[in-house]
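Subject: Structure handover

Hello,

Here is the structure you are taking over. My notes on it follow below.

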Amino acid sequence: MRDLGALVVAVGAHDRPVVGTRGAAMLALLTINVNQRVSVDALMEAAWGERISAGAASTLVSHIWRLRQLLEPDRDRRQAPTVLVNDSDGYRLVGSPSTLDSLLFAEASGEVRDLLAAGHAQAAVRRADAALALWRGRPYGALAEADWARSAVTRLEELRGQLQERRVEGLLATGAADAALGDLSVLIAANPFREPLRALQMEALYRSGRGEEALHAYQAARQVLADEVGIDPGAELQEMHRRILSRDPALDRRPERPAIRPREVEVHLPSALTPLVGRADVLPRLATLVRDNRLVTITGAAGCGKTRVAVEAARAVVQAFPDGVWFVDLTAVSEPDLVVDVVVSTIGFAPTAGATPLQDLRRYLHSRRILLVLDNCEHVLGGVDQVVRVALSDAGDRSCLLTTSREPIGIDGETIWTLEPLALPEPDGSISGAAEAPAVELFLQRLASVAPTLEMTDEVLTRAREISLAVDGLPLPLELAAARALSHSLDDIARQVTADPGRLSRVGRGPGDHRATVRSAIEWSHQLLAEDERIAHRRLSVLPGTFTAGLASAVVGTDTDADDLLAQLVHRSLLSSERPTDPLRPSGFRQLATVRSHARHALDQARETAVCLDRRDGWTTDLLAARPPAGTAAEAGWFRAIDDDDATVRATLTRRLIDEPTAGGGRLAGRLSQYWYYRARLVEAGRWLQLGHDLLRQDADNGGDPVDELLARLALAAILAQQRRMDLVRPLIDGVEGQVRGAAPTRLVEVGEALVFLAMSCYTGEAWDLLVDLHRLLQWVTDTGDDTNLDLLTDAVGCCALLASGRLDESVALALAVHGRAEAVDQSAAGYISTAPLIITALMAGRPEDGIPWVDRCVAMHRRLGSGAIGMFTETKANFMAQLGEFPRAARIYAAAHAATRRAAMGWPNRELTRPLLALTRERLGRAGFEQAWQDGERLTPADIFDPSAARTTR
């Protein structure tokens, strides 16, 4: 932090000012009292003076948060601050000479004194020069006159005077008397009564062979002191006068020999006016690659900041290239043959008569080690290829190249670094967490430059998060969006970028190149595409989010192989590839929001929007129509297929249920009900299913198939029962038996599976009477039809119906039999349903040692279907732990159950038996112990709680 002048914070090689007078005052007070506690009252008094309002304390917290963002920009939001820390109803700034200029200044002053005392005058001068270079003006700038700052400023100014005097002493000791005299004339004019300066002036004059002038200087000093202060010269000045009169031989000592300074590296890189944000983890790794490899290419989408990162990486490695670093911008080069001319003219060496530019470049590089940064290569790759080959093949292993391009150069030995957009905040995360995301940080930094008086409220942070998400964290559109704050509110900007981020353009004067607007930046890449690649680019715009190659092929609809087209678009940075963590899952692809905006515009111009949307929705319909039998391994695979193209499924639902509502959209929603349950997305499920049911009810009234409406109603009722909304469930299923018995035989399996889901949801909601009635209806369905999978599911539900009827022994016996059958045919749903009586009877009897293996097995089978909806089972495991007397572990698992249940929008607690066991756990641990265990438990994963090997065990 730089406090010897107006207060700024150094981030990397850049200075960031403290925005706002109050935040600056707080930081100045903390800096003055570095490593000491500063109370909240003192901070408020420094920031507000006598005008402290009632809300100042809460506003102070906001300022502290902003200061922490400034002081530790790369701190992970999960880590506690280490620079500005809480300290017993106050705050403390942690500093050292390596982080705070004033401490470094004081340390340097002592080092200069010690060096002079040891006879190392030249080293003392160098150290003094380095320290005085830190001084940028009066400490703390405009805040220097504040009462709480005045004494600290005076102390630092006195320290500066002492250091300046010691520097002059060092100059004299090295024989640089003339240089010392030049400095002394300025210092004495500013401090005419400072006698040590007058004594040094006399010594410098004497050593320059101007003894008579030295004596006149004494008389002038004596006159000034007498006339202005009314005193005689002090002992130091009188002693120097005596030594000069007596021609003291010590005044003629020989100076040290000056050291030879090493040659400085020529660096020709664009200057950076703003700090680089969000790339702290990238730069060190990239710098290492540049030092260790002959050719490194930074690729990435338009607007992701390739140029800026390349410049900073080059700046970090300049010492590795003693013959210089050159930056060559190829934006304005229209022909590949001109690339070598631009490179040669940028370096600026003299040409050889009769030689070509390539030959001259080869000759120049042959005996030198330089770094060439070639920026924006994608449109002249042929010319870049020539330059690279000359640099790599004919220059030994000395010179290196760092290039930026939207596609690789394509040369053997090329190391490719794909630069991703800045990290984004969680869409539904906390506001403070969002502010720590690099994308939001960049937007806020640029916003502060445009609107420095803007208060950092939660509303501002919310809009910043929306804008960052809307542009996928790309630096160029973030900067263009922030610039609009001069003319638009943040609400307006958020609305604009959400509707069409491609329309963002540069405001005011700026480079008139392809980066003037987001759309023109992408058009630069689009012009380089082949025709079939352009077709794929625009047609893929109907696929939001991540999509698979199979879906892309269905939408693009050309004869060219879809995998080849996707590979080409990824190669040209117009598509992102997302490799799955599971090697058995397909690769995912995604257009960034800005790229999709350009592609959608091109699709509209080609008049292909409607046909591509129909292709997309047709593919979704086929996927959902292919639902396998419920609870089987094939159904788990179908769930994963939906996961892979989930964003497209949602887009189809939006179109078919909201934008252009149809009965077909209602049928799609009904088929997804159990998928949403297993993915713990009950709120979303309720919204879609309600829309679908309303459409299908209207369709049935107009002659549509009543079974479709029945299935939608059963699915909606099941989701509501999971949320314990039995007040809404009962009216929905009133009279359902007649509709079930009237369904066509060909659709009875669908109806039966929907009844199984509803029955088990009623078990979750403890609606025992409905569970028994639904099982009876299920038995009629299975007796009427002929489906072994549905028979097994019905028997599993029967175990729970017997339990609900109080027939515990029969329930347990049937459960054991059904569970064995389910394991034999890999029927996970029937397997985990049949464990319910075994778990509940153990819980009711207080036999945790019997129940725990079953709950572990239940969860393992549930998770084989990809389920995240295990809050109820986690709660049961906690109950067993409480019964065992393992209260710390019980409290942790209760916390995990509560978190999982809340995320799934289900009721808490799920079982009435939980309440007394939870109360017992809290009582045994005490308040502090329980709260600590609860906090620890909120971070537990299912693997921490359940035995993952339990699914295949037998009893």
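A patch, as used here, is made of residues with over 30% relative accessible area and no salt bridge, with nonpolar side chains joined within 5 Å. On that basis Phe193, Val229 and Ile231 make a nonpolar surface patch of about 250 Å². Ile231 sits in the loop that runs between helix 9 (211-229) and helix 10 (235-245). With a relative accessibility of 36%, Ile231 is classed as partly exposed. Please keep in mind throughout that this is a predicted model.

Overall form

The protein chain contains 45 helices and 13 strands. Its radius of gyration is 38 Å, whereas the globule rule gives 30 Å for 955 residues, so the chain is more spread out than a compact globule. Along the principal axes, the C-alpha atoms fill a box of roughly 130 × 80 × 50 Å. Of the 955 residues, 52% are buried. The chain exposes about 42000 Å², and carbon and sulfur atoms supply 51% of that area. Among contacts with a separation of 6 or more, 70% are between residues 24 or more positions apart.

Nonpolar cores

Which residues touch the most other members of the largest nonpolar core? They are Leu371 and Phe443, in a core of 193 residues. Once neighbours within four places in sequence are left aside, the contacts of Leu371 include Val290, Ala314, Val317, Phe321 and Trp326. Cys400, Leu401 and Leu402 are also among the contacts of Leu371. There is a second, separate core of 48 residues, with Leu60, Leu67, Ala124 and Leu156 among them.

Salt bridges

The structure holds 66 salt bridges. Three of them are described here.

Arg616 and Asp617 are joined through their side chains, at 3.0 Å from N to O. Are these two residues buried or exposed? Arg616 has a relative accessible area of 5%, and because buried means under 20%, Arg616 is buried. Asp617, at 2% relative accessibility, is buried as well.

Asp694 pairs with Arg697, and their closest N and O atoms are 3.5 Å apart. Both residues lie in helix 31 (residues 682-701), where three residues, about one turn of the helix, separate them. Asp694 is partly exposed, with a relative accessible area of 26%, and Arg697 is partly exposed at 42% relative accessibility.

Glu931 and Arg927 meet at 3.3 Å, N to O. These two are four residues apart in helix 44 (residues 914-937), so about one helical turn separates them. Glu931 is partly exposed at 39% relative accessibility, while Arg927 counts as exposed at 68%.

Some salt bridges share partners: Asp614, Arg616, Asp617, Arg655, Arg656 and Glu660 are joined in this way into one network.

A loop glycine

Gly866 is in the loop between helix 41 (848-864) and helix 42 (871-884). What does Gly866 touch, not counting residues up to four places away in sequence? The answer is Tyr678 and Arg679. The C-alpha atoms of Gly866 and Ala636 are separated by 6.5 Å, although the two residues are 230 residues apart along the chain. The relative accessible area of Gly866 is 34%, so this glycine is partly exposed.

Regards

Technical notes:
Residues numbered from 1 in each chain as written. Heavy atoms only, no water. Core = buried A, V, L, I, M, F, W, Y, C linked by side-chain atoms within 4.5 Å. Buried < 20%, exposed > 50% of the residue type's maximum accessible area, 1.4 Å probe, protein only. Contact = heavy atoms within 4.5 Å. Patch = residues over 30% accessible without salt bridge, like charges linked within 9 Å, V, L, I, M, F, W, Y side chains within 5 Å. Areas by Shrake-Rupley, 256 points an atom, 1.4 Å probe, with all protein chains shown as cover. Salt bridge = Lys/Arg side-chain N within 4 Å of Asp/Glu carboxyl O. Rg over C-alpha atoms; globule rule 2.2 N^0.38 Å.
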